[in-house]
Amino acid sequence: MTTIPARNSTREWQALDRAHVHPFTDHAALHKVGPRVIARAEGTYLYDSEGEKLLDAFAGLWCVNVGYGRKSIAEAAYKQILELPYYNTFFKTTHPPAAELSRTLVDMTPEHFTHVFYGQSGSDANDTIVRMVKSYWNLKKQPKKKTIISRINAYHGSTMVAASLGGMSYMHELADLPLPGFVHIRQPYWYGEAGDLNPQDFGRLCAKALEDKILELGAENVAAFIGEPIQGAGGVIIPPQNYWPEIQKICKKYEILLIADEVICGFGRTGYWFASEYYGIEADFMTLAKGITSGYIPLSAIMVSGRVAEVLTGMGDFAHGFTYSGHPVACAVAIENIRILKDEKLVERVHSETGPYLTKKMQEFLNHPLVGEVRNLGLMGAIELVKDKKTRQTFDPVGDAGTICRDHCFKLGLVMRATRDTMLISPPLTWTKADIDEWAGLAKQALDLTAKDLGVA
Ligand SMILES: Cc1ncc(COP(=O)(O)O)c(C=O)c1O
């Protein structure tokens, strides 16, 4: 059997890795230090090639919901590879894993979702949704309805269409985006942008931005609105409670399709199976990826509502699909992953035990001189680092404090992510109160060291 050669030097791997273009990486900076080589993982801990142990408070990239090292998932993949490693789902064909998973997803998602389409990533799923949205309005004989509204600072992936849906200006600059037909409105970022407004008034104002944009473009030209129930990569931005109900009303009023991108929020991250349940969102499409397989193998799924599916599946040939749509091994892994989430009652645990406990521990950071705000829903949270807590003044340049803190975390054996100067946490859903205590101790040390570096007392 071929295995990855057991090299015994981090330097050897780093040298080989110079042939690798990394995602979201400044390569000049990378080559100065060389990449950290993560060699293995178990439970909630990563081990690098130097044997150092790191507490992963980010579940890989918001995805390893059941934690690392699950033998039953490996066995499900192994068994499926021997049984049927590949077959496509084109041309009137299916296989047991795709059929089983489809039924499971329809049963576990909000009731109005009746159909599912598979991809490999959140990006290609969102790309596919755009295609479905356009087809839908063509079939409804409203071919002018084509513009899609999203939000500044949203993240929906990295293909040309998904990055156009996203509202990250630095991603747009890279490749002349957004493509025509994608526009962006303000985000519901209360702490950063509300000024003196209370959350309710700010929520209403941000939702009204959607109505204003629809009226500006003409409802007859607007196809859909897309949003992450809670923005993840943008900084765990938890909208005011009235925001989503208002958005839902506006979409209904102007006949705009609603897309809930649950790539991060789905599969229990917020203490609900899907954050749409928490906010009462009744979307036409729901994007799923990451937690669907806990990242063990690539898979994404698009949930389609009954009323949209009826139109799309009644149109003759749906001329769209990927070689790996509904890949049997990925579907088998997803089925086992969902079994674990259910049998171990991980979502319930996040909802009633570890989510509230994380809230409590995060609140303690509010006394820290660097911390302006903390927020979380379930095991998805953010700590805002500011120069002045009273005025919410940010550091200049924005981003340095976050980078300093993230680097301290690494040195202390903790993985957290920084977006601007906001520290983000999104651990495996297997975390216990003891794991949260361990995290809180390390995070406090990192905050203290960061405050010292920045001269904040
Ligand atoms: C909300 C959201 N949508 C889509 C994506 C893109 O998923 P992928 O990286 O699998 O293409 C991400 C990735 O982080 C995401 O957070």
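**Notes on the predicted model**

1. T128 is buried, having a relative accessible area of 0%; here buried means under 20% relative accessible area, exposed over 50% and partly exposed in between, with a 1.4 Å probe and protein chains only. The residue belongs to helix 6 (residues 122-139). Helices (H or I, at least four residues) and strands (E, at least two) are DSSP runs, numbered from the N terminus. The T128 side chain reaches the backbone oxygen of D124 at 2.8 Å. Not counting residues up to four places away in sequence, T128 touches F117, I302, H320 and F322, where contact means heavy atoms within 4.5 Å.

2. On the basis of the note: this is a predicted model, in which local features need pLDDT of at least 70 and side-chain atom pairs count only at pLDDT 80 or more, while totals for chains, interfaces and linings use all residues. Residues are numbered from 1 along each chain as its sequence is written, and side-chain values use heavy atoms, with hydrogens and water left out.

3. The second largest pocket holds about 850 Å³ of space. A pocket is an open set of points on a 1 Å grid over the protein atoms alone, where a 1.4 Å probe fits, with protein on both sides within 12 Å along at least five of seven lines; lining residues have an atom within 4 Å of a point. Of the 27 residues that line this pocket, T89, V116, F117, F318 and H320 are the closest to its centre. Two or more lining residues come from each of helix 5 (96-108), strand 4 (113-119) and helix 13 (306-312), and strand 4 gives the most, with 5 residues. By class, the lining has 14 nonpolar, 11 polar and 2 charged residues. Ala, Val, Leu, Ile, Met, Phe, Trp, Tyr, Cys and Pro count as nonpolar, Asp, Glu, Lys and Arg as charged, and the others, Gly among them, as polar.

4. Does the length of helix 10 agree or disagree with its residue count? Helix 10 (residues 199-217) has 19 residues, which at 1.5 Å a residue should span 27 Å, and its end C-alpha atoms are 27 Å apart, which agrees. The expected span is 1.5 Å times one less than the number of residues. Buried residues of helix 10 are F202, G203, C206, A207, A209, L210, E211, K213 and I214. Their cover includes strand 5 (147-151), strand 6 (182-185), helix 9 (190-193), strand 7 (222-227) and helix 11 (243-253). At the start of helix 10, a side-chain oxygen of N198 reaches to within 3.1 Å of the backbone nitrogen of Q200. G218, which follows the helix, has a positive phi near 90°.

5. Helix 17 (residues 433-454) has 22 residues and reaches 31 Å from its first C-alpha to its last, close to the 32 Å expected. Its buried residues are D435, I436, W439, A440, L442, A443, A446, L447, T450 and A451. An α-helix has 3.6 residues a turn, so residues three or four places apart point the same way. After helix 17 comes G455, with a positive phi near 70°.

6. Y272 is found in the loop between strand 8 (257-261) and helix 12 (275-279), and at 23% relative accessibility it counts as partly exposed. Y272 touches E277, Y278, V347 and H351, not counting residues up to four places away in sequence. Y272 and E348 are 76 residues apart along the chain, with their C-alpha atoms separated by 7.7 Å. S276 lies in helix 12 and is buried, with a relative accessible area of 3%. With the same exclusion of residues up to four places away, S276 touches A260, E262, I281 and M286.

7. Most residues other than glycine have a negative phi, and most peptide bonds are trans. A cis peptide bond joins L177 and P178, with omega about 0°; another cis peptide bond joins D396 and P397, with omega about -5°. Phi of F24 is positive, near 45°, and F24 counts as exposed at 56% relative accessibility. N153 has a positive phi of about 70° although it is not a glycine, and at 11% relative accessibility N153 counts as buried.

Key. Polar contact = N/O pair within 3.5 Å; in protein donor to acceptor, adjacent residues only side chain to side chain. Points joined across faces, edges and corners; volume = space filled by probe spheres on them.
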